Amino acid sequence: MKTLFSGMYDWFGTYLFYSKDMGDHLNGMDITCTDFIGTPWYMIVGFIMLILTLFIYAIQYHIYDKSRFNKKHHLWIMMFVNLLLNFLVATILASNSVKEGYCSELSLTTMDCIGFGISNAIWSFIFHFIITSITVFRRLSINCRNTTFWKP
Amino acid sequence: MIKNLLLILCVVLLTGCLETELEIITNKAIQFVTNDNKIDADEYASLEKMIKNSDDSSLDRFKKSNKHLKEDVFRNYLIKYFKAKNITITENDIWSPNNKNKKFNINVFLENSSSMDGYVKGITSFETAIYNLLGDFKISGICDSLNLNYINKQVYIQNKNALSADIEDFIQKLEPSTFKARGGDRSVSDLENIFKTVLNTVNKKNVSILVSDFVFSPGKNVNAQDYLNNQSVGIKIDFAEKLNRLDLHTMVVKLESNFNGTYYDKKNTPINYSGKRPYYVWIFGNRTQIEKINELKIIQKIKGGYLNKLVLQPTKNKRSTDFKILIRPKIGEFISDGLNKKMILEAESENSGQNKQSFGFTLAVNFNKELQDQSYYLNKSNYSTSNKQYELTSEININPSLSAYSHILKLKTNNLSSESLQIDVLGKIPKWVYSSSSNDDSNIAFDLDEQQKTFGLKYLIEGVSDAYYSKSNILNSMKVLIKK
Amino acid sequence: MKRLFVFAIGGTGSRVLKSLSMLMAAGVKPTNSDYEIVPIIIDPHKSNEDLKRTERILFNYQAICKSIGTQNGFFSTQISTLNNLVNPNKVATSFTFDLQQVGGKKFKEYIDFNLLGESNKALADILFSGKSINKRNEEVNLLDVEMDIGFVGNPNIGSVVLNQFKDSQEFKDFASIFNDGDRVFIISSIFGGTGASGFPTILKNIRNAKSLSNIQSKGFLQDSIVGAITVLPYFNLETETEEGNKSPIQRSHFIAKTKAALSYYSENLSGNNSINALYYIADDSKGKSYKNDPGDNGQKNDAHFIEMASALAIIDFLEIPDSELQCSDGKALSPTYKEFAMKNDTDSIKFSDFDNYTESKISKRLSQLTLFHKFIKEQLNNSIEKEAWSTSQPVIDKKFINDSFYRTYVTEFLTSYNDWLEEMATNKRGFSPFNLGNNLQNLIKDKTVKTNWLGKVNFDFNFFNDMLAKKSRNINYTSPEEKFIKLFNDATEEILKEKFGF
């Protein structure tokens with residue numbers, strides 16, 4: 001599970017939006033710079049991202065599930081909310097963890113935290129897109145069964 | 001609004017649930033420390049239990065193969081952790097199961113051949129230094145009993161289990177006359193014999209200290225060169241034999257005192273001399289004993305100071321050196337995974353700037369518990385790398401966050417390749433030995449240079465050194481696996 | 001499938017038949033029995049608007065059923081033409097009985113007046129005296145009336161002409177196809193020309209079927225179960241024409257003719273037990289005055305509540321079990337006579353004014369169809385290709401909207417339905433259970449929408465769409481047409497249950 005999230009974020013995120021050092025810190029480099037045995041931030045943020053995305057998807061498609069909120073621009077609204085929330089979660093968690101202390105051999109900046117926020121936001125968007133594209137889940141909805149990113 | 005609450009709830013739950021085992025343990029340790037600024041036996045035991053009972057793979061580094069705690073690894077980690085969290089706590093504040101006081105006896109052998117008389121006439125710095133040294137040993141609490149002896153051809157026991165008053169007597173009442181009175185054949189210094197005798201007294205429970213001027217006396221009709229060679233070989237054999245049976249460590253300390261008396265040169269010609277003369281204190285013991293002495297900085301606190309120090313260590317059972325590969329500074333690139341396993345992975349040379357085509361990395365090494373002086377480890381000629389294309393520089397560690405490590409080694413090469421790089425600290429005879437060694441002491445009265453030297457010292461030290469380092473002179477070894 | 005042959009005679013017949021179609025379209029049907037309706041319209045005034053309208057409505061109904069069958073809640077009764085049954089392969093068929101030699105002919109010519117002897121001529125003169133107007137609104141003698149505009153309120157002419165029915169191909173077809181278990185129902189007015197004469201004529205021919213030589217029947221016709229409704233006067237006629245002349249058909253004549261007809265019936269219909277079930281319906285003359293418009297394309301009367309009530313008689317008739325309507329030797333063994341009653345006597349009838357059984361039969365169903373029409377009129381264009389029920393398979397998209405099924409059949413039918421409701425609402429006595437122009441919440445007059453736990457009324461087209469989406473889940477429809485009708489049936493049913501408490 002941990003390696004899954006690590007692989008995911010490292011593959012798209014590290015180097016592009018934030019430094020490798022931030023990647024090491026998020027992977028769990030502990031405060032004594034011994035090994036990746038510290039808080040596994042990738043896994044935490046990854047789980048939160050998945051759950052938030054699922055939850056926001058479920059709100060629109062299953063909990064509220066009304067014909068007045070099933071058009072594609074409504075989905076875009078929810079996607080934007082999801083993006084924003086995940087950006088905030090990732091940025092806040094990352095900067096808090098930096099404040100609490102990190103391996104002194106790494107150099108971390110605020111831009112790294114924001115970059116991670118952006119990366120997490122993009123991943124949340126991707127997941128949201130995928131979930132709404134797979135028919136199997138949507139089919140259980142009453143009014144939103146055919147609502148995807150492209151239509152109606 | 002509801003979303004915010006749910007978000008906070010999620011975060012709290014998750015960060016609460018996802019605390020790693022290690023975090024739980026370290027948080028508990030912090031709790032212990034904030035309570036009473038130390039970790040006592042019970043608290044230590046509870047932490048140990050938590051580690052033992054955990055299945056988390058990240059805690060395996062603290063466990064031996066039989067699941068028991070690796071004491072020193074764990075303690076080191078705790079100290080590093082506290083330091084990183086800015087909590088001031090020293091190693092002594094953490095309860096250690098090895099606290100049993102391993103006391104040992106100290107047997108002091110003062111060479112009292114006639115050449116030593118000049119050191120004890122009147123009040124000399126020799127007397128002051130030795131008196132204080134012995135006194136320090138006594139009050140340090142590391143010795144069970146302090147036994148004082150004179151030695152020339154034989155051992156003349158002066159005081160078994162000396163008390164402070166006895167030490168005073170042993171030293172302060174030293175006058176040539178007392179020396180004479182206290183006995184023995186004071187004519188010849190047969191150093192080899194003296195060494196053999198003293199070495200015999202050294203064991204797990206007994207440390208021996210030999211104080212002398214260590215001047216060879218070949219004699220009138222003897223070829224000095226041959227004599228020195230023979231002595232050297234003899235000493236080497238004696239030491240080698242002892243090394244076979246014991247983890248013998250030898251510390252040589254060069255001091256200086258004012259001398260007023262008769263100096264006997266290589267031909268045994270008496271020369272009147274008044275001025276400064278070197279003398280030596282040799283300490284013999286096993287690793288733990290010498291470590292203890294080092295720890296207490298007894299030598300460093302000698303009244304009047306010392307000129308040089310040398311420690312000879314056996315290389316038979318190589319000890320693991322505590323070192324760490326740092327993420328930064330580096331030249332080129334490599335990833336952080338595997339550093340803790342002493343592996344540099346995905347290494348790449350620098351591809352731009354003034355360091356183009358170079359590759360370099362930094363090691364933080366802990367020589368704190370090592371027996372040589374800190375400056376020994378700063379000398380790059382005392383190191384050897386398996387790949388000669390690596391350039392090594394050593395400096396004292398001033399980074400407070402790496403307080404567990406004493407030195408920073410920087411390695412750089414222009415030719416990066418995948419290999420297992422071995423970095424060794426070598427045991428070498430330091431330069432001062434050679435510059436303190438004299439080949440001809442006949443002109444000592446007028447030769448200022450000669451006055452600082454000791455005749456034949458080189459042969460003496462080389463003999464001992466051969467015994468130690470002929471097979472291998474690797475004191476410490478570090479292996480780093482580099483993969484491109 | 002048992003069949004009900006409905007003879008709709010004259011203008012009233014057409015209009016009652018129209019009401020019947022509307023009820024059937026809404027899904028009103030006799031409990032516990034399934035009948036196929038075979039309407040046969042008998043009206044020489046072929047160009048009259050009521051007839052044309054009814055024909056068009058029946059045509060659309062049939063087209064819809066052909067496409068989706070009768071298992072969809074709405075349009076749940078099969079309606080066929082006589083020709084459909086006889087020649088199932090023939091495509092173009094008509095519901096109207098083709099009266100022979102009526103077009104353009106004067107009555108005089110029909111009876112070959114000129115070939116009559118003098119005494120017969122004199123008799124004819126007396127029998128057929130009086131004046132009437134022709135289709136150009138000119139006053140003519142009765143004998144000179146051109147019959148293709150009907151018998152203009154003269155049953156004496158009608159009874160002569162309609163006697164040809166027994167020799168017609170339609171009657172032959174009807175007789176040969178009539179099975180054991182099939183029934184007959186005859187709709188006629190007692191005050192008109194065609195209806196008053198047609199009813200006894202047809203009934204007589206049915207009961208005497210055995211003796212008719214050229215009929216090859218299976219022998220069931222004589223003892224068949226026959227019901228009929230006689231519609232007594234319920235509307236007013238304008239006393240004057242546009243030019244200020246007196247209208248040749250006067251209301252005052254209605255009453256006289258009614259009396260005359262009734263006494264004939266009492267002897268020859270009810271009196272001799274020819275009919276198994278006879279229904280009467282009437283209303284006093286507070287009604288709106290209709291114009292007497294004999295011309296081509298004239299006689300387009302607004303729908304009236306009485307017509308719907310008359311259609312209910314047919315439903316009632318079908319619910320009477322066979323055992324209670326036995327015949328023997330052409331005579332009904334236990335004939336029954338019925339009238340229509342309401343709970344409340346009001347000028348503008350709502351559902352709650354009906355008696356409980358009637359109300360339970362029609363209120364929910366008509367409300368469903370009304371909701372359906374309202375959605376189509378006001379919301380459908382906004383919802384297709386956007387809502388889940390529209391985008392799921394089978395897809396209801398713009399192509400479906402442009403197809404003849406929706407564009408022609410359904411739209412025309414439901415527009416006629418809406419017109420029917422509006423006409424009945426404005427008529428006197430009015431039938432106006434719905435607030436047709438208003439929003440959804442106020443649609444049904446005597447029912448209020450249930451509020452949710454917050455006290456808010458939550459019923460709008462979004463709710464409708466939600467219900468449509470809900471009802472269309474996991475159902476396999478065979479075609480978009482079937483889906484369209486069935487889904488709306490299910491959804492409107494559920495909406496009425498949830499929101500209106502049906």
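B:V108 counts as buried because 27 C-beta neighbours lie inside 10 Å; the cut-offs are 20 or more other C-beta atoms within 10 Å for buried, 12 or fewer for exposed and anything in between for partly exposed, with C-beta atoms placed from the backbone. The model is a predicted one, in which local features need pLDDT of at least 70 and side-chain atom pairs count only at pLDDT 80 or more, whereas totals for chains, interfaces and linings use all residues. Residues are numbered from 1 along each chain as its sequence is written, and chains are lettered from A and ligands numbered from 1 in the order in which they are written.

B:V108 is placed in strand β1 of chain B, residues 104–111. Helices (H or I, at least four residues) and strands (E, at least two) are DSSP runs numbered from the N terminus. Leaving aside residues up to four places away in sequence, B:V108 touches B:L134, B:L146, B:N147, B:L148, B:N149 and B:I209, a contact being a pair of residues whose C-beta atoms, placed from the backbone, lie within 7 Å. The C-alpha atoms of B:V108 and B:I157 are 9.7 Å apart, at a sequence separation of 49 residues.

For the complex, the predictor gives an ipTM of 0.85 and a pTM of 0.77. Chain C has an average pLDDT of 85, with 87% of the residues at 70 or above; pLDDT is the predictor's confidence in each residue, on a scale from 0 to 100. Chain C contains 17 helices and 14 strands. Of the 502 residues in chain C, 47% are buried. Among contacts in chain C with a separation of 6 or more, 76% join residues 24 or more positions apart.

Chain C is divided into domain 1 (2–340) and domain 2 (359–500), with bounds from an automatic or database domain assignment. Between the two, 28 residues of domain 1 are in contact with 27 residues of domain 2. On the domain 1 side, α1 (10–26), α2 (49–68) and α10 (305–319) of chain C each give two or more residues, and α2(C) gives the most, with eight. This side divides into 15 nonpolar, seven polar and six charged residues. In these classes, Ala, Val, Leu, Ile, Met, Phe, Trp, Tyr, Cys and Pro are nonpolar, Asp, Glu, Lys and Arg are charged, and the others, Gly among them, are polar.

Between chains A and B, 20 residues of chain A are in contact with 21 residues of chain B. On the chain A side, α3 (41–64) and α4 (72–100) each supply at least two residues, the largest share being the five from α3(A). By class, this side has twelve nonpolar, five polar and three charged residues. The contact between chains C and A takes twelve residues from chain C and eleven from chain A. On the chain C side, α13 (388–391) and α16 (461–471) each supply at least two residues, and α16(C) has the largest share, five residues. Here the classes are two nonpolar, four polar and six charged residues.

The largest nonpolar core has 203 residues, of which C:V6, C:F7, C:A25, C:I40, C:I186 and C:I187 touch the most other members. α3(A) gives the most to this core, with eleven residues. A nonpolar core is a set of buried Ala, Val, Leu, Ile, Met, Phe, Trp, Tyr and Cys residues joined through C-beta atoms within 7 Å. Residues up to four places away in sequence excluded, C:I40 touches C:F5, C:V6, C:F7, C:L82, C:F95, C:F97 and C:E170. A second, separate core of 64 residues includes B:L110, B:V198, B:W282 and B:Y468.
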